[in-house]
Every structure is written in C-alpha cells, then in structure tokens.
Amino acid sequence: MKPPVFDYATPSSLAEACALLAQHEGEAKVLSGGQSLVPLLNMRLARPTVLVDLARIPDLDYVRADGDGFAIGAMTRQRTVELSPQVQAQHPLLHAGMLLIAHPQNRNQGTVGGSLAHADPAAELPALALALDATFEATGPTGARTIAAPDFFLTYLTTALEPSEILTAVRFPTLPKRTGWSILEIARRHGDFGLAGVVAIVGLAPDGQIASARLVLFGVGATPIRAAAAEGMLAQATAGRALFADVGARAAADLEEPLTDVHATAAYRRDLARVLTARALAEATTRARAA
Amino acid sequence: MSGVDDIPKSVAGLPNTSPRYIGQPVERLEDPALLTGRTQFIDDVVLPRMLHCAILRSPHAHARIVAVDTSEAAKLPGVVAVVTGEDAKRWSNPTMTVPPGWGTHCLATDKARFVGEPVAAVAAVSRYVAEDALELIGVEYESLPAVADARKALEPGSPLLFEEHGHNVMLQKVFTWGDVDAAFASAVHVVQQQFRWNRLGANPLETFGVVSEWDVVDGTLTCRGSFQAQNHFAMARAMVFNLPLNKVRFISHPHGGSFGGKGGARGTDITALLSRKAGGRPVKWIEDRMEYLAGGASQAWDRHYDAAIALDTNGKVTGFKVKLLDDLGATAEGWGAVSAAKPLTNFTGCYAIPAAQYDLTIVATNKLPGSPYRGMGPPPHNWVLEQLMDLAARKLAFDPAEIRRRNFIPPEAFPYTIASGNEYDSGDYRAALETALEMADYPALRAEQLRLRSEGRYVGIGLVNTIEPGVFDWNAYAIVGQPGTGVPEGATVAIDLFGKLTIKVGFALEGQGQYTVAAQVLADYFAVDIADVRVVALDTLSAPPHFGPGGSRLGVALTGAVLGAAQRLTEKLIAVAAVLFQTTPEHVELRNGMIGVKGMPEAQMPFQQVAQTMLARSDLLPPGIDPNPESTFVWTAPGRTPADDQGRAKSYLTAANACHIVLVEVDIETAQVHIKKYWIADDCGTRLNPANVEGQTQGGVAQGVGAALLEEAVYDEDAQLRTSTFMDYLLPTIYEVPMTEKRALCTPSPFTPLGAKGCGEGAMHTTPAAILCAINDALAPLGVALFEVPASPQRIWTLLQGAAPR
Amino acid sequence: MTTTRRIGMTVNGERHEAEVEVRTTLVDFLRGTLGLTGTHVGCEHGVCGACTVLWNGKAVRSCIMLAVQADGAEVKTVEGLADGATLHPIQQAFLEKHGLQCGFCTPGFMMSIHELLTRTSAPTDDEIVDTLGGHICRCTGYQAIVEAVHLAVEKMRASK
C-alpha cells in the first residue's frame, strides 16, 4: 500500500494554486489535510498527476467570531475548531459536530475546508453547513465568489467548486436565542462514518410553539439532505412526541433510495433516519426550552 | 536424572521457602524495550543489499490463468527479480495441508481459487518501486464460476476447487460417543436450533513479515520473520523446497500479536523464491493490511450449525448433537481444519452429558483459506451449546443459572472424562457460577431488568459457563489428519561465570509475557533476584525442540521446561558440591539458593559458587561431570494417549473454567446493542502472574465483543471480498469494549507444574456466547431471537421488523 | 515541481534534512530514512493508530500524512519520550499497569496520551476515551490502558 508517483507543489498564494489547478486540469488534486486523500493514494485508488498542497498559503487557518457567526479558514484543522473556547461557548452545535468526526488524530490533521470540499454525504461538516445556512468562499482564476450551502453540495463527492477553484473559507452562523439543536448519528463504531445522521435546529416562540425548524439528514443520500417537507410540518406546531414521530416518518419517507452497503441496507438507513429525526427534534426542543 | 514426574505441582515443592515472584503481578521484563520503541519487530530489520517484495494478487475468485507477462515489470529500473507460478512449479512443491491433498503452490499455477491469491511477485529496491512494477505485469485470466456458499458447494454441479477430487468435501465424518440416539428417543424435551457463525479472524496489529535469504552457494535458506511456531514453518519449508531440515534456519522476531495465525507460508515461500532468483540477496515482504484481510491468516470459523440437546424431566441434559458444516475456503493450507477438531476437547462444556454426536463436514469454497484463531474452534461451539442451554431454560421455565447448576460436572467427579474422550483435570464450576452471580447481584439485576422493561427498555442478561481446554496436544487433531501425540517444549537454563542466569527458549515475544513468567519461575527456584535472570530466544537450529505459544499451553509447558532444566542443572551442581563437601550427592540439596549438606545448615555455599567452580576449577570436578553449568529439559504433557477411531484421546492437559455475566441493552428502535456491565469469575488454577492472566482475559473479552457484534469477513455471492479494509472489517475500540469486574478462583491442576492451567483463550471461549445470550434475553419479550454473529445492527433491525407488536 | 523534494524537520529535538520522493509517507520517512523504527505501521489507511506521532505537538496518523507535509515541522516519536534511561511517566505507568501486551500499538497510544496530558493535567473520562478511541489495541481490551492513563496523570501531577 504505497502511493504511486506524483508531482507535488506548494504554492504560496491562492493565485498560484489556482493557476496550477488550471494548468493540470482534471489531473491535479488539492491536498489540504489529506485524511481522505492519502488513504486513497496509498491504495492507488487516486491517481493525480500533481498534488497541490494548500498548507503553505497564508491566511487560510483561522477561526474568527464576527458577530452572529464564525468565519473559518479552509485550512483550519477540525481540532482547532473543536478546542476553540469561543466556539465551545457560542456555537455548541458546531463543537458537538466536531467531536463526531473520526478521532482526534484525524481532526488534528483534517481541515474544515477539506471535509467540505470532499463532500462525503455521511460526513458531519457538510450536514452542519447545510443545516446552518453556511456560506462558502471560493477563489478561482477569475476571482472570488460566495456560494450558499444549498448550492454547494451537488451529488456524491461533488460540489459546486470548479476544477480550478479553491474553497478558502466557510462561515457558520450561530444560532439565535430560544433555539435548540441536536446532532445525532448512528455509526457501527464511534468515529466511523454514520449509517445515518440528523442535524435538527428548533426555534421556539415565546408561547412555546415552534417558530422555526431545520432538519438535515446525512449518510442517507448522495448529499446531506434538507428535509423541507418534514420541516414544514413543524411550523407553528406544538412540540411533542407524536408530532416528532410523524415528522420523522415524513423525513424518512421523503428520502430517495439511501445507500445499501456491507453495514446497512437502504431500508435500515431510512428507518434510522426516521428514529433519529424524532429523537433529534426532542433533544433540540429540550435545549431550546433551556436556552 | 529427574524427569517430568519430579517437577513440583505446587509452589510449596520449590527449593525455596519464601518465593517472591510466582503468583505476583510482576512487571514484565519485556516492557522497557517495547515502551521505548527498541524491540526489533520484523519490519525494523534491514540487511545489506536487501530487496523489497510486492505481490500481485488475483482479483478473481476463480479463474484459469492463461498467461502471465512479466517482461515490462522486469524492465522497470530498480526491479531485480520477478517470479510467477512457473518459478514456483520449478523450485517448490505444493504446501502440505490438513486434511491432506487440498493444497497448492505459493503462487497460482493453473488457476486462482480466491480473491487475493498470489499470482506473481516482484523484488525491487523499495516497496514503492515493487508496487509500481506490479502495475506492469499482465495476467490473462479466464474467469470461472465461483462458489461462496458452503451449502451450494455441496450441491452437484457446483464449481469445483480441485477438479481432481470430483467434489468439494474436504472431510465428512460422524463421531458418536455413547448412545445418543437412545438419549434423544427417551428425552422429555428436545431443543434444536440452527446457528450461523460468520467468518472473522485474528487481526493482530502487526501483519506478517519476513526476510528470506536463499544462499545459492550453500543451498541454505534463512528466514527471519514473525513466526508464531518457527519450527513448524521451518519444517514445512524444508518439505516445500526439498531441503534437509538442517539447511533451513528460521529466526523468529518479536511479533505484534498473533492470536493463532502469525506466519505466512506463502509470503515466506515467495520471498525465498525471489531471493533465489535474485542470486541470494535478502528479500523482505511486509504484508500490508489489505493483503492480510484478503490473502493472509485473517479468517476463521465460517460455520453453519444445526444442534440439539435432549433433556429429562429435571432439566438434566442427556444428549447433545451437533451437525457442523465448516467452510474452510479455497484450500486446507491454513491449518484451519484443526478448528473443527478441537471442540472434541470440551465438547460437552461444563456439563455431565453422557452421550454426544458430532456430524462434521468440511467443505471448500472460493474464499480465503481458513486459519487458526484464538480458541481454535470452541468459541463457536460453546456459543452453540450455551445458547441451547438458554433455550432449554426458557422452555422448561428455569432460570439460566438453575439449568446450569443441574448439569455441572460436580467437583468430586474429577478427573472427569467427557463423552468425546478428553479428560478434565479439576474444577468447581458451581463455585464460579455462584461467585459471578454474587458479583453481579443477580437478583437485583433481574429486578432492574423488569423495571426497565416497564419503561419500554430492553435489557438482557447473559450468563454462561465454559471450559477452556489448556495445554494443547496434537492428538486432539487426529480426526482431520494431523499426526502425533505430545507437543515438546524445551528450555535451557545456564549459569554464567559471574553467577547470572540465562533461559534460552525457542520462541519470540508475542505479547503474553512468557519471558517474565519464565524468569519468575527460575528466580524463585534459585532464590535470586529476577533481575539476575535473562531470557533469550534461539533460532530453529540452536533451540531445543519447541513449539512456542499456542493452544493455551506455553505458561504450563514453559514452567515445566524451566523447572525441569533447573532440576537437572541442580543435579549437576549437587554432584560437584558433593565433592567439595566431601560427601555423596544424596546428602546434598539446593535450599533457598544455597547448595548444602542436608541437616547441616552451616555446610552450604551459593549455587553460583558451585557453577563457577565447574567453569574455572576443572581439577575439582568429579569424574563423569562436564564443566558446563547448563541443562536442557524438554517438557511434554504426561499421560497423553493417541486418539481412537472416534477421535477420543486424553489430549489437552488442563480444563480452566469461567462464568461470565453480561448486561446489555438493545435499543429496539435503532437496533444498537450497548454493553452496560460485565462480570467474570474464572479459575485457571495457580496464576503464575495474575496481571498477565487478567490481561489475557480482558483481551479475550475484547475479541469476543468483536466476534459478537462487529467482526465479519463478508463475501458476496461471486466470492468477492467486501471487507478489505479496516473501514469495513471492524475491530472493537474502547467505545465497544466493556471494562470488566473480575474475580479469581483457584482450583490448582493436579497434573501440571505448579498447578497452573492454560489461560490464554478463556474469555474468547465465553464472551460471544455471553453477549448473544444477553441479547436474546433482552429480545425475548418481543418473541424474536438471533442465532447469528456478528449480531450487527442490520441483523437485529431485520429481526425486529418481524417482531411482535410493541 | 518534481517527484522528489528536499525536506527538513526536527524529530525528537534533532534536525534532519533529506531528499525524499514526494510520495513517501511520513511514517516511511521516520522509519526508513531516519531509522526511527519505534513508530509502527498497522493498516496504512488511517484507522488503527499504531503510527501516531506528534506533529507540532498534535497527534497525527503518520501513515496518511506525506513526509513533505511535515517539512519544517517539529515531530516527536516514541523514541523522544524517555529521558535517557528514565522512562517518561506515561511509559512508566504503562509498565506498572501492564498496559501493553505485544506492544506494537503502544507507541501510538502513548503519543496520543502525551498530547492529552500536555494539554490538560486533569483529563475527564470522556477526554480519555476520545483520545484512546482513535487507536486499536488487539491484545489488552483497553482496561489496563485506561488504568495506565490515570496513573500517568498522577505521576505527571506529582512531578510538577
């Protein structure tokens, strides 16, 4: 299990990196943390001509609170986010999500941008981004642009990034007051990719009615999936077990065929989505009441 | 000269009134080097001009090999040698197998029989270049139909693994012990169930590795590697390469775990061929993890069971029938068939069951050849028997503890010969059960279970008792064609000129702490500080006959060898000292590290001084005594008997026993199983180093958790492996393994050195059964039960879809 | 841009420079080029944790990191734990608690524990489990390793 021969570049600017990607269009691969890419290289399942390592480009590694959100540089290690006292205090959902990503060694090396751009549908960061209406900053040969989360994840391992475009930052809004959250996943072992997972965000009106709701399912489709119809059932409704069970059923029913693999069938994944949705809504509501 | 019968059966028999080490959790001599990264594992070995091997493997489960073109690979800069099946045919024989006649060359010649079978190999200046070269080898395959299901492999018209046999049945025989038909005919209750145990395997953290050197001038082969039983690998290579055994030298390096399967015959043979082709340059091959999972010693116990017990009105089991279809995979090269034979040594578990039957079929399929794994077969067997006991308890409305109490072999019945012929040495099974019940506060646990059930939570209690046969013997494997009775284990004890002690053994570090145990025993024998004892490993040409770890035997066998050698050495020292004391040897003794005249406390000298006299004062030596203060003893279990036509033999020398109780919760919505608590009461006689024993037990629990919940080598119906990485073959982590509460009981073996019993496999024998019994206890109110491992969430979820409304 | 590159890194306080193929993994560089064979390779795809080393103080899996990615970094391996003949408190704790059997996974475990106990002198049980969770031990069943971590915490506190 040794990687094949490839070239390796360490551009010192985004412009240089984009130029390299353009020059080797389709043959180059961006290296950020490498937690997904290097195993594939070791197995010779990835065969890039050149690796473009972003690690030497300045100003891509930061966690900045900016009022109602956190701007995070693409090369920021997941562990940096996890251990950030500010994130822990002001964005407990983001913090909780980090703890579900693999293991400390992976988070020490794996980057926020790398996970998002890799876009594994079972990964936590894409689901969080979609649930939180994150915005993505990307730079290409023709300049920078902002991509909204719903537009970012196209299909399995595929994003809206152009081949010579590089994700530079992502901004995760914090949750408003009277809003609770939950991120739940079922994996074969803790740290494995989830068989199914759910991010739920519930905002309560002063009268206790549900004012807003957000449901994103992951591991059960080609991308993280916003359960819009199920969310609709929650609008102005009264929180409760029966409602959450119905919402879970709807969210699960609305899924297209989830993946069947050696660990779980599509039917089991769908059923997990149902159960986890109901549980996540209950947990988020409890947190909202306490918030 | 003293023999095996003179070895003390208890610590009180040692020539030391205050032993300091035996029975203590002595820190391991092995550890400082391991902890500082200085232990030399095989991948750490670098030899001058060494080359690196990479192996091209079949992507097909079954395919004729039409042509192999290595010309482009050979041209790649850095490539020194390439070998194919043609080289294997020219320079080697097919490997020997158990049962005989189901083996192949190390590289596929006519056809490939499983995904991952070696087809060609390269030796190059680096592993990176060697793997580059593999991409340049062209193989033309003609795909053949494959069979992945053992039941289909039995059908007429099935693809055949070895056409010359005309069928895929490697072995089929019914063993009957006692009047089992009468037992079932007269039974008041019969409980019958089918079970499925899926493939899993050892997966030590270190894969196999080897460095082979074929001296083309001398015609000798030297292999360094992580060999669990170096002498057996050497013997097999001598046969494969038509070499005299004394021209084959194996040097086993410390290995990063084994659990039965350490050693790769094919990799060793392939590197030997490459070294020969490369003019004698050493060739290293380090199996990578994907090679291990697809083509290494990574799979065992692929079993379909149909089993039943007969009971009388009192819940006494009167008969036990097991029909086993054992899927050994593509060949019998991996010694996996031995795992089908070993259950004869504890067939009826802890219970006095007078009659039993074993209807055994071993079949070939297009999957990886089965290998040994910790426990060697009884873990699935025990899992079947213990679940039948639970099913019977449910049917008869007994508590699972009560049905076991009614069937235990009573303490006064030992030594006890079980129906399948083996003799259990000693034990008190009831005591282990009652101890575990007390630890778990069993009545409170049952009450809590009921309370939680009223809250809609499904917790279950698993309670099982098992036997761990210890100190393995070849005679147990006679039914699958393995010859021999007895497993010799030798040790040499030497005293140097400065009075320090060295123990020389024939096996490398593997993890069980055996060097420490050997040093503890010898330090107490001679009443010296343990720091004065060093243990070193010898290669196959310099070590006394040996086997090393395996079959829960080494602690006992090594203690016997060390004490036997120490006693023989003492006889020499006494003969010399008798001259110095101007008396005769029968008046001289070893006592607390001093050699002295019996009854004369002042007439004594340190044993080291006698040894120094031997080495430095030949003028003082009595006639007939050589000047070497060193002795060797090769221990083998006494009283073993060859197997009869029904496989019955006095085989494994000891029978340790354990009771495990586990509390699990099944989340019936998500099908997740959570192990909440775990208690163990076990009895392996004298614990030479209790910390070592505890480590073996807890490690066995972890592997048992893996077997029960996680680990499975999955093949699809075309016999393609779908679990080829650690992302899919799931080993238990700290999140899944429970921290256990343990209590030790001690019924010393009346037959062994110091009363110790084999203890390396007990938890693996027990944990899978305990967990499945607990899961099924949790699910019982829903009217469903699972008789398949691993009890994956998918399987439990599927089961729950058919469950009674809740 | 080439397929080889000259890199430098400080390993266990010692500065090393070497020309490497860029495809060389960090663990192969440490073991093969520098001869630091105490770091072990168990799976080469980032699951087992045997190859864990400290990279600028953080535990990483050196089998899924390229040596060129560590250019300029401070790396610490198991060989850098003991102070001469004196074992590091983590090593001493493993010794006393029988926290290892075959010892192959142990260096990786100790490096992750080192990161944890450098960051906090009073780790919570959750933090300990999280830290050990990225490692597989096939021998011990983890119980003695957890005990070793607790003992190491005590030893490191006492030595302060």
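# Reading the chains and their contacts

A: Start where two chains meet: 42 residues of chain C are in contact with 41 residues of chain B. Keep in mind that this is a predicted model.

Q: Which elements of chain C give two or more residues to the side that touches chain B?

A: In general, the size of an interface is often given as the accessible area lost when the parts come together. Here we look at residues and elements instead. Helix 2 (89-96), helix 3 (106-119), helix 4 (125-132) and helix 5 (143-158) of chain C each give two or more residues to the side that touches chain B. The largest share, four residues, comes from helix 2 of chain C.

Q: How do the residues on that side of chain C divide by class?

A: The side of chain C that touches chain B has 22 nonpolar, 14 polar and six charged residues.

Q: How many residues of chain B are in contact with chain A?

A: On chain B, 20 residues are in contact with 15 residues of chain A. Helix 4 (127-134) and helix 20 (793-801) of chain B each supply at least two residues of that side of chain B. Helix 4 of chain B gives the most, with four residues. By class, the side of chain B that touches chain A has seven nonpolar, five polar and eight charged residues.

Q: Now chain C by itself. What pattern does chain C follow along the sequence?

A: Count the elements, then read their order. Chain C has five helices and five strands. Along the sequence they run β-β-α-β-β-β-α-α-α-α.

Q: Why is chain C called as compact as a globular protein of its length?

A: Compare its radius of gyration with the globule rule. Chain C has a radius of gyration of 16 Å, close to the 15 Å that the rule gives for 160 residues, so chain C is as compact as a globular protein of that length. Its C-alpha trace spans about 50 × 30 × 25 Å along the principal axes.

Q: What share of chain C is buried?

A: Of the 160 residues in chain C, 66% are buried. Contacts tell another part of the story. Take the contacts in chain C with a separation of 6 or more: residues 24 or more positions apart account for 58% of them.

Q: How many residues of helix 1 of chain C are buried?

A: Helix 1 (residues 26-33) of chain C is mostly covered, with six of its eight residues buried. The buried ones are C:L26, C:V27, C:D28, C:F29, C:L30 and C:R31. Their cover includes strand 1 (4-11), strand 2 (14-21) and strand 3 (52-55) of chain C. After helix 1 of chain C comes C:G35, with a positive phi near 75°.

Q: How do I read a helix pair? At what angle do the axes of helix 2 and helix 3 of chain C cross?

A: Look at the axes, the angle and the hand of the crossing. The axes of helix 2 and helix 3 of chain C come within 10 Å and cross at roughly 125°. These two helices of chain C are therefore oblique to each other. Helix 2 of chain C passes helix 3 of chain C in a right-handed crossing.

Q: Which residues meet between helix 2 and helix 3 of chain C?

A: An α-helix has 3.6 residues a turn, so residues three or four places apart point the same way. Now the case here. From helix 2 of chain C come C:I90, C:Q91 and C:F94; from helix 3 of chain C come C:T106, C:M110, C:I113, C:H114 and C:L117. By class, the residues of this contact are five nonpolar, three polar and no charged.

Q: Where is there a helix pair to look at in chain B?

A: Go to helix 18 (residues 690-710) and helix 19 (residues 762-779) of chain B, whose axes come within 7 Å and cross at roughly 40°. That makes helix 18 of chain B oblique to helix 19 of chain B. The crossing is right-handed. Among the residues of the contact are B:G700, B:V701 and B:G704 of helix 18 of chain B, and B:A763, B:T767 and B:I771 of helix 19 of chain B. The contact has 10 nonpolar, seven polar and no charged residues.

Q: How many helices and strands does chain B have?

A: Chain B has 20 helices and 29 strands. Its radius of gyration is 28 Å, which agrees with the value near 28 Å for a compact globule with 806 residues. Buried residues make up 63% of chain B.

Definitions and conventions: Residues numbered from 1 in each chain as written. Chains lettered and ligands numbered in written order. Predicted model: local features only at pLDDT ≥ 70, side-chain atom pairs only at ≥ 80, totals over all residues. Rg over C-alpha atoms; globule rule 2.2 N^0.38 Å. Buried ≥ 20, exposed ≤ 12 C-beta atoms within 10 Å, placed from the backbone. Contact = placed C-beta atoms within 7 Å. Nonpolar A, V, L, I, M, F, W, Y, C, P; charged D, E, K, R; others polar. Axes fitted to C-alpha atoms, helices over the stretch in contact; angles between N-to-C directions. Parallel < 35°, antiparallel > 145°, perpendicular 65-115°, else oblique. Left-handed = near helix turned anticlockwise from the far one by under 90°.
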